[in-house]
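Hello,

Here is the structure I promised to pass on to you. Have a look at it first, and then read on for what turned up in it.

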Number of protein chains: 2
Amino acid sequence: MHQPEHLKNAGLKSTVPRLKVLSLFESGTERHMSAEDVYKLLLASGDDVGLATVYRVLTQFEQAGLLVRHYFEGGKSVFELNQGKHHDHIVCLQCGRVEEFYDAGIEARQEKIASDRGFSIRDHALHIYADCTKKQCPHKV
Amino acid sequence: MHQPEHLKNAGLKSTVPRLKVLSLFESGTERHMSAEDVYKLLLASGDDVGLATVYRVLTQFEQAGLLVRHYFEGGKSVFELNQGKHHDHIVCLQCGRVEEFYDAGIEARQEKIASDRGFSIRDHALHIYADCTKKQCPHKV
DNA sequence: ATGCAAATGATAATCGTTCTCATTTGCGAT
DNA sequence: ATCGCAAATGAGAACGATTATCATTTGCAT
């Protein structure tokens, strides 16, 4: 069990709600979760943390670099464990499933485009919205 | 004056609020505007349309293909005239300025990535968030 | 064990957006 | 022109996601 170290390293004291949220992400049950998702999953497993706390903790984890926040279409933001390596996303419009990808060529071209125009990139988001043509895509997640 | 034709072609009857919103976009004052931006600019120029109407009209124009909607970070959506040619965006984090770009190589790679994984692209959004290094970037727009 | 700053949770508040519904308007038929 | 009515509007309520408030609880250094 190394979660407390993660929190300590991030300058956050290890409290019950923070440990629960972190281990939910580390459990790998769902890689991409909204605040609502986290809240409901915790409730379902008998741990009751307040919704406000979930929001606070997610934001703190994002600032601490433990989680990455994504703004997908539809308004609500989604979080995932920060595993160091940047990647982009394909979101299935049918089932909401999120798949990750990385393409060095795309990354390189973005850098060139930005610098050609006098910008220095701080962040970027490439979201592909698509229909997955596989049959394991029946329902909304 | 050809706005009424645009509306007619889109199957929308030409009403005062719709014409005002459309000509605001066509005036080129601001290329990218949120509902709030449109509402305030119209009020400022003496035309008072209701906020609800602005939202409705923007959504209708999007559905009719007259406008394109973008979901940038920060939650609120932003609209721009649909000029047929797809492009992506660089958003300056300092001044909020939005610059457009198109890169055939990036487009092609996206297609390949998606089809390799069994997805068919319906839409995509590539947003680069950056600092523009030029001096004409003093303030928040 | 003790104290206190930091964290929590219930609730109110906020923000962008959509809905409701009574009133107004565009426009085809007269 | 003008009548009639479906469609559109506007004011305000409602809504969903998120943030702020604040009294109570908790982690943890002493």
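**Where the two chains meet**

Across the interface of chain A and chain B there are 14 residue pairs in polar contact, with both residues of each pair at pLDDT 80 or more. That pLDDT value is a reminder that you are looking at a predicted model, so please read everything below as computed from that prediction.

Which parts of chain A supply the side that touches chain B? Strand E4 (88-92), strand E5 (98-101), helix H5 (104-116) and strand E6 (119-132) of chain A each supply at least two residues of that side. E6(A) gives the most, with 14 residues. Sorted by class, the side of chain A that touches chain B has 16 nonpolar, 9 polar and 11 charged residues.

As for the extent of the contact, 36 residues come from chain A and 36 residues from chain B. About 3300 Å² of area is buried between chain A and chain B, and carbon and sulfur atoms give 60% of this. In chain A, the residues that lose the most area to chain B are Arg117(A), Phe119(A) and Arg122(A), which together make up 19% of what that side buries.

E6(A) and strand E6 (residues 119-132) of chain B run antiparallel and are joined by 13 bridges. If you go to Leu126(A), you will find that its bridge partner in E6(B) is Leu126(B).

**The sheets within each chain**

In chain A, 3 strands form an open sheet in the order E1-E3-E2, with antiparallel pairing. Strand E1 (33-34) and strand E2 (67-71) of chain A are the edge strands, and each pairs on one side only. E1(A) pairs with strand E3 (residues 77-81) of chain A over 2 bridges, in the antiparallel sense. Here Met33(A) stands opposite Phe79(A) in E3(A).

Chain B has an open sheet of 3 strands too, with the order E1-E3-E2 and antiparallel pairing. Why is one side of strand E1 (33-34) and of strand E2 (67-71) of chain B left without a neighbour in the sheet? These two strands stand at the edges and each has a single partner strand, so one side of each has no neighbour there. E2(B) pairs in the antiparallel sense with strand E3 (residues 77-81) of chain B, over 5 bridges. Within this pairing, His70(B) stands opposite Val78(B) in E3(B).

**Around DNA strand C**

There are 18 residues around DNA strand C, and those that come nearest are Thr15(A), Arg18(A), Thr53(A), Arg56(A) and Tyr55(B). Which part of the DNA faces them, backbone or bases? Of the atoms of DNA strand C within 4 Å of the protein, 73% belong to sugar or phosphate, and the rest belong to bases.

- Tyr55(B) has a side-chain N or O atom 2.8 Å from a phosphate oxygen.
- Thr53(A) has a polar side-chain atom 2.9 Å from a phosphate oxygen.
- Lys76(B) has a polar side-chain atom 3.4 Å from a phosphate oxygen.

Helix H2 (16-27) and helix H4 (51-64) of chain A, together with helix H4 (51-64) of chain B, are the elements that give two or more residues to the surface near DNA strand C. By class, the residues of this surface are 6 nonpolar, 5 polar and 7 charged.

**Around DNA strand D**

Of the 18 residues around DNA strand D, the nearest are Tyr55(A), Thr15(B), Arg18(B), Thr53(B) and Arg56(B). Sugar and phosphate make up 71% of the atoms of DNA strand D that come within 4 Å of the protein.

Again, a few contacts with phosphate oxygens are listed here:

- Arg18(B) places a side-chain N or O atom 2.8 Å from a phosphate oxygen of DNA strand D.
- Gly50(B) has a backbone N or O atom 3.1 Å from one.
- Ser14(A) has a backbone N or O atom 3.4 Å from one.

The elements that give two or more residues to the surface near DNA strand D are H4 of chain A, along with helix H2 (16-27) and H4 of chain B. This surface has 6 nonpolar, 5 polar and 7 charged residues.

Best wishes

Technical notes:
Residues numbered from 1 in each chain as written. Chains lettered and ligands numbered in written order. Predicted model: local features only at pLDDT ≥ 70, side-chain atom pairs only at ≥ 80, totals over all residues. Heavy atoms only, no water. Near = heavy atom within 4 Å. Polar contact = N/O pair within 3.5 Å; in protein donor to acceptor, adjacent residues only side chain to side chain. Helix = DSSP H or I, 4+ residues; strand = E, 2+ residues; numbered from the N terminus. Nonpolar A, V, L, I, M, F, W, Y, C, P; charged D, E, K, R; others polar. Contact = heavy atoms within 4.5 Å. Buried area = accessible area lost by both parts, 1.4 Å probe. Pairing = 2+ DSSP bridges.
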